Amino acid sequence: MADLTGDIARLGMSRRRILQAALLAGPGAMALAACARADSSTPTGTAASGAATLQIASPTNPVKWPINPGNEAIASGLSPEKDAVLRLYNYADYLDPGIIKSFEEKYADTGVKVELSTFNDTLEAMAKIRGGSVPFDIYFPSYDQIGKLVLANLVRPLQHSYIPNIANVYPEFLNPFYDLEWQYTTPYTLYTTGIGWRTDRVSEDIAARPNPYDVFWDPQYQEHLAVLDDYREVIGMTLLRNGGTDVNTGDDALLAAVRDALLQMNEKTQPRVTITGYTDLPEGRLDLSQAWSGDLIMAVSYLPEGTDPAILRYWFPKDGAGVVNNDVMVSLKGGQNPVLSQLFMNHVMDAKQAMNNFAYTGYQPPQVSITPEQLISDGFIPPNLQEAIVLPGYFDSGYRLLELPPDTEAKYLAIWQQFKAGA
Amino acid sequence: MTISAAPVDMAMRDPELGRTRRWRRQGSTPKARGLATVTVIYLLWSLVPVAIAVLFSFNAGRSRSVWQGFSLRWYTWDPVGSVANDPSLRSALTHTLLLAVLATVVTVPLGVTLALALDRWRGRIPSGANFAVLLSFVIPEIALAIGLLFMITLLTTPFTLGTTAQVIGLITFQLSYPVVIVRARMLTIGKQYEEAARDLGATAMGAVRRALLPMLYPAILVSAILVFADVLDNFVLVRYLSSDASTETTSMRIYSAARAAPTPALNALATLVLIASLTVVLLGWLAYRRWGKNEGEESSVGSFAGNF
Amino acid sequence: MAKRSQRFLWPALAIPSFAWLALFLAIPFYVVLCIAFGQVDPIFRTSIPAWNPLDWRFDQFAITLDRIFGANNFYLAPITRTITYVVTAVIISLIIAFPVAYFTARYAGKRKGLVLVLLVAPFWISYMMRMLAWVNLLQTDGIVNSVISLGGLLPVEVNWLSGKPYTVVMGLIYGYVPYMILPLFAALDRISPSLLEAARDLGASGFDVFRRVVIPMSIPGIAAGMLLVALPMMGDYFTSDLLSGSPDTSMIGNLINGTIQTPGQSGQAAALLLLVLLVLAAPMFLYTRTVARSETRS
């Protein structure tokens with residue numbers, strides 16, 4: 001360590017040479033341009049990116065995505081890949097290990113191994129998928145990325161014959177607005193975005209507030225609350241809190257108000273920004289958190305022994321006018337196992353597996369066999385969390401977080417960056 | 001930790017720090033006593049939290065703050081969560097060790113040859129390289145990590161993110177250790193042994209191999225240990241350059257789980273890496289002592305530790 | 001013949017590592033430059049690097065500079081925060097490290113080896129484990145709170161891990177202070193006791209000796225130690241992530257780490273990174289000069 005001192009000292013006497021060394025890199029660097037990856041600098045491969053445009057799917061503008069040439073669905077009746085490693089890419093704690101195990105057992109004769117990799121947020125996930133370094137087979141995004149995934153030719157169309165269990169899910173998912181005729185996606189889970197809290201630490205009934213979203217600006221909960229580490233959810237929630245009804249707006253005035261509100265929130269309550277509320281609430285690191293409905297159901301299993309599950313509460317607007325979404329499964333084109341990927345999706349949609357997954361993750365699958373009344377009466381969900389059940393009607397009354405046009409997305413991300421910088 | 005915790009403990013129980021009289025060069029002045037107190041407090045602050053973390057890896061319950069009895073549950077027998085039974089923890093441990101071995105095996109020879117060259121070859125090119133080495137030593141790790149990440153994702157490279165990328169990043173980042181340590185040793189050795197060997201008819205390469213290199217063994221050993229331990233510790237580089245779950249290391253596991261729902265299994269995992277690290281250091285020290293004896297040099301723990 | 005082999009031996013030995021550094025240090029650095037001076041894809045908002053320096057554009061730099069010095073200067077908050085944290089942490093580290101190193105070098109006597117081993121011990125314990133240790137201790141129901149509340153007698157419950165700047169600064173000190181102690185020790189250990197005795201014999205008081213001999217002679221060690229802890233702290237993001245997780249303690253490292261892969265923001269993050277490196281180059285050279293001067297003097 002001490003001798004480093006000497007080395008740097010000697011170095012200091014020849015600063016001129018340092019500059020020369022830096023210049024050495026110059027000419028060789030030009031050659032780098034030659035090995036730049038075409039696919040990463042121009043997203044649509046050889047096509048100039050300016051020529052392609054991103055279609056925005058919404059309930060009023062349903063989209064049937066094109067099938068890119070050379071990316072047709074695989075033939076039906078193919079046998080599963082042998083001795084394959086099926087690579088899943090998902091949030092942490094968002095898939096029952098039992099599903100993986102039962103899939104490996106079911107297809108034991110093929111020697112398949114399932115490997116689950118996790119991401120913290122979908123921005124990070126998209127960067128890695130686009131980088132193309134890892135041949136992930138199945139990705140579990142929200143539908144707000146489908147347009148980009150198709151445009152960049154990153155997803156494989158499905159061969160429906162491998163996925164008979166689609167019959168088990170709500171029929172609307174056979175023709176969802178974000179992917180008419182379910183060419184690329186199968187539904188995974190349903191969730192609403194609301195507020196979760198502990199009644200033993202929060203004395204008021206948050207649901208009784210005129211505007212429950214205001215709690216995130218209430219200094220009495222300073223340092224004991226969190227918002228989701230998800231720019232769409234936080235900005236969407238703030239838009240609703242400000243009285244808006246469009247959670248996908250590109251309106252500058254509305255977004256400026258969101259930015260100011262978020263900076264205010266930082267100042268007033270210093271929220272944590274995390275998606276681990278499902279453990280932080282039950283383990284007492286948070287009293288109150290913006291949460292996905294599934295987080296609260298999952299939180300029950302993280303309660304320390306002897307803690308009454310009745311302390312957990314979840315709020316979502318009674319009239320269903322809140323943020324409601326669903327996650328999907330897609331088969332990535334970079335994956336090496338198209339057959340197994342689709343068989344795995346089919347396996348996840350099996351009624352029994354889907355129920356096991358619900359029990360493990362807390363996130364509700366869109367299975368027709370599941371009825372809200374039955375979830376309570378079976379004791380699957382404690383009555384105090386009944387608001388965390390996603391009702392089919394919510395999809396008519398709720399707000400959807402849609403894919404954003406690039407310029408709007410840039411505005412959202414700039415706000416998020418500023419919020420996270422703690423400015 | 002197992003090694004170092006005991007002496008701290010003993011020093012604490014020592015009823016009168018005044019007994020330090022015997023081992024101090026100067027008398028037991030209040031100043032010396034004050035400094036001793038500061039040092040002991042510092043050492044306690046620095047090591048006790050880790051000792052507690054190790055202790056809780058043996059907790060029978062799920063808690064990391066309430067002691068519920070001694071158990072190896074989180075190491076071996078918990079059917080789901082223990083290091084032995086959770087495949088992701090197991091693979092994090094083996095992958096960390098794999099990276100440490102691979103990175104050490106390449107970094108040390110590369111660094112030693114570079115140190116030899118930088119020390120004996122005069123001119124502008126080597127001093128430029130010296131700058132690069134020191135740069136890799138002082139630039140914030142995140143800069144190198146981001147550079148390599150983009151290089152791999154934006155350029156056509158013969159390797160992708162994952163183990164190869166991680167090893168490459170680690171080697172680049174660690175290369176300065178053997179260079180700096182071996183060069184320091186060469187300064188104290190001087191040129192006379194090599195020259196004597198040349199006079200006796202050895203070729204340049206032969207002189208280096210037979211005369212110089214053996215004298216550098218202790219320094220090479222120390223740098224190998226340092227590289228190995230530092231790789232076990234690495235987080236920023238391995239995280240940016242990782243690909244899928246099979247390339248997660250223990251530090252990445254700790255980072256992602258410490259914020260979510262950790263069980264004492266995480267402490268157990270960290271303890272196992274600590275044991276690996278301490279084992280290597282201990283083996284290194286034993287080897288160092290043997291070399292030291294052969295050469296009749298000072299070979300105390302202190303001179304070994306002082307090398308860092 | 002022998003001379004020729006000698007002449008080519010050293011360059012030959014250097015070739016592998018030169019090639020290595022060119023490939024994996026110079027090129028990555030150049031790629032970061034190309035991104036910072038590059039453009040953004042209009043749809044995917046991914047980075048389009050400008051490989052040819054002639055194509056370099058200052059758009060991304062302009063945005064970054066605007067966010068530091070312009071009207072909407074929200075980069076300034078994490079920057080000033082980082083500087084405050086790092087300066088505080090470095091000063092406290094020095095206050096901790098100096099007496100410890102001084103004791104070890106001058107008074108530890110026969111126990112010097114043992115003390116050194118204990119001082120070095122944190123190097124063998126992974127940073128993440130040491131942070132994990134504190135995460136455990138500082139939980140709301142953790143040991144620190146139960147000690148403070150005397151085992152639950154007092155109604156104290158500090159939420160240490162929730163956006164507390166002092167927790168983050170403590171974490172930084174805890175994480176990096178060993179890197180300061182060792183160079184300090186090396187510098188102090190090299191001061192020969194006879195030199196100090198000579199100063200005493202010439203009539204200097206104990207304090208005078210400390211101020212006029214010990215301090216000046218340990219300046220290279222102090223500088224090395226401060227540099228060695230300050231540099232990694234400047235790029236640190238995980239300490240704040242683990243011990244706080246709130247934007248309220250967001251540092252430059254968090255800003256860079258959080259946006260380097262965000263669509264449309266890679267270029268700005270790369271530009272910010274380059275600016276940080278540029279600023280860090282100054283203390284590095286300053287330090288180098290200090291060392292050079294002190295070496296020529298002695």
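Me: How many residues of domain 1 of chain C are in contact with domain 2 of chain C?
Reply: Nine residues of domain 1 of chain C are in contact with eight residues of domain 2 of chain C. Contact here is C-beta atoms, placed from the backbone, within 7 Å.

Me: What sort of model is this?
Reply: This is a predicted model: local features need pLDDT of at least 70 and side-chain atom pairs count only at pLDDT 80 or more, while totals for chains, interfaces and linings use all residues. Residues are numbered from 1 along each chain as its sequence is written, with chains lettered from A and ligands numbered from 1 in the order in which they are written.

Me: Back to chain C. Where are its two domains?
Reply: Domain 1 of chain C is 17-57 and domain 2 is 74-297, with bounds from an automatic or database domain assignment. Their centres, taken over C-alpha atoms, are 32 Å apart.

Me: Which helix gives the largest share of the domain 1 side?
Reply: Helix H1 (residues 2-36) of chain C, with three residues. Helices (H or I, at least four residues) and strands (E, at least two) are DSSP runs, numbered from the N terminus.

Me: What about chains B and C: how many residues does each put into the contact?
Reply: Chain C gives 77 residues and chain B gives 77 residues. On the chain C side, H1(C) supplies the largest share, 21 residues. By class, that side of chain C has 57 nonpolar, 14 polar and six charged residues. Ala, Val, Leu, Ile, Met, Phe, Trp, Tyr, Cys and Pro count as nonpolar, Asp, Glu, Lys and Arg as charged, and the others, Gly among them, as polar.

Me: Which residues have the most contacts inside the largest nonpolar core?
Reply: C:Val32 and C:Leu132, in a core of 305 residues. Such a core is a set of buried Ala, Val, Leu, Ile, Met, Phe, Trp, Tyr and Cys residues joined through C-beta atoms within 7 Å; buried means 20 or more other C-beta atoms within 10 Å of a residue's own, with C-beta atoms placed from the backbone.

Me: What is C:Val32 in contact with?
Reply: Leaving aside neighbours within four places in sequence, C:Val32 is in contact with B:Ile146, B:Gly147, B:Phe150, C:Ala270, C:Leu273 and C:Leu274.

Me: What follows H15(A)?
Reply: A:Gly422 follows H15(A), and its phi is positive, near 70°.

Note on methods: Contact = placed C-beta atoms within 7 Å. Buried ≥ 20, exposed ≤ 12 C-beta atoms within 10 Å, placed from the backbone.
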